Amino acid sequence: MNWKNEIDRLKSEIASLKMNSLADEFVEINGLKVISEKMETDIKELQKIATDFTDNGKADVVIMGNSDGKIVGAASQNAIDNGVKINEIIKTAAGVLGGGGGGRLTLAQGAGKNADKMDEAIQTAVDLIKG
């Protein structure tokens with residue numbers, strides 16, 4: 001048995017179970033569905049989950065972080081049309097973590113060494129969406 005493949009498969013399975021429960025946990029901000037969550041998974045999985053929500057119309061903005069100090073943000077076309085600049089939001093949120101970040105208008109990521117401030121970083125991102 002290839003353990004690495006099995007581990008990856010289980011990680012994906014756990015992530016999709018978490019996604020199903022997250023889909024009901026959005027808040028509405030300025031008419032946009034926003035999901036923010038701290039999740040124990042790696043950056044690739046965070047990106048996959050975030051873009052899955054925004055690509056499939058399940059959410060307009062997704063902010064996710066993990067305890068390694070990595071933060072990801074994704075925005076739908078609807079959010080972008082409403083002036084959400086996720087790359088700037090994530091850059092600011094990563095600053096709370098003592099790091100930096102950036103990316104595109106649809107997907108951005110950041111990281112910082114102060115992983116213990118992740119809740120504050122996620123909240124900062126949500127507050128920036130509020131405007």
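Analyst: One term to start: helices here are DSSP runs of at least four residues, numbered from the N terminus. Also, this is a predicted model.
User: Ok. Which helix is Thr54 found in?
Analyst: Thr54 is found in helix H2, which covers residues 43–55.
User: Is Thr54 buried or exposed?
Analyst: Buried. Its relative accessible area is 7%, and buried means under 20%, so Thr54 counts as buried.
User: What is Thr54 in contact with, leaving aside its neighbours within four places in sequence?
Analyst: Ala59, Asp60, Val61, Val62, Ala74, Ala75 and Ser76.
User: And what lies 3.3 Å from a polar atom of the Thr54 side chain?
Analyst: The backbone oxygen of Thr51.
User: New topic: the largest nonpolar core. Which residues touch the most other members?
Analyst: Val61, Ile63, Ile71 and Ile86, out of 24 residues in that core.
User: Which elements each supply at least two residues of this core?
Analyst: Strands E2 (32–38), E3 (61–65) and E4 (70–75) do. Helices H3 (77–81), H4 (86–96) and H5 (118–130) do too.
User: What does the second core include?
Analyst: That separate core has 15 residues, including Leu22, Ile35, Phe53 and Ala74.
User: Now pockets. What volume does the largest pocket have?
Analyst: About 150 Å³.
User: Which residues line the largest pocket?
Analyst: Asn30, Leu32, Asn82, Gly83, Val84, Lys85, Ile89, Leu128 and Ile129.
User: How many are nonpolar, polar and charged?
Analyst: The lining has 5 nonpolar, 3 polar and 1 charged.

Methods
Residues are numbered from 1 along each chain as its sequence is written. This is a predicted model: local features need pLDDT of at least 70, side-chain atom pairs count only at pLDDT 80 or more; totals for chains, interfaces and linings use all residues. Side-chain values use heavy atoms; hydrogens and water are left out. On a 1 Å grid over the protein atoms alone, a cavity is a set of points where a 1.4 Å probe fits but cannot get out, and a pocket is an open set with protein on both sides within 12 Å along at least five of seven lines; lining residues have an atom within 4 Å of a point. Grid points are joined across faces, edges and corners, and a volume is the space filled by probe spheres set on the points. Ala, Val, Leu, Ile, Met, Phe, Trp, Tyr, Cys and Pro count as nonpolar, Asp, Glu, Lys and Arg as charged, and the others, Gly among them, as polar. A nonpolar core is a set of buried Ala, Val, Leu, Ile, Met, Phe, Trp, Tyr and Cys residues joined through side-chain atoms within 4.5 Å. Buried means under 20% relative accessible area, exposed over 50%, partly exposed in between (1.4 Å probe, protein chains only). A polar contact is a pair of N or O atoms within 3.5 Å; within protein, one must be able to donate a hydrogen and the other to accept it, and residues adjacent in sequence count only if both atoms are side-chain atoms. Contact means heavy atoms within 4.5 Å.
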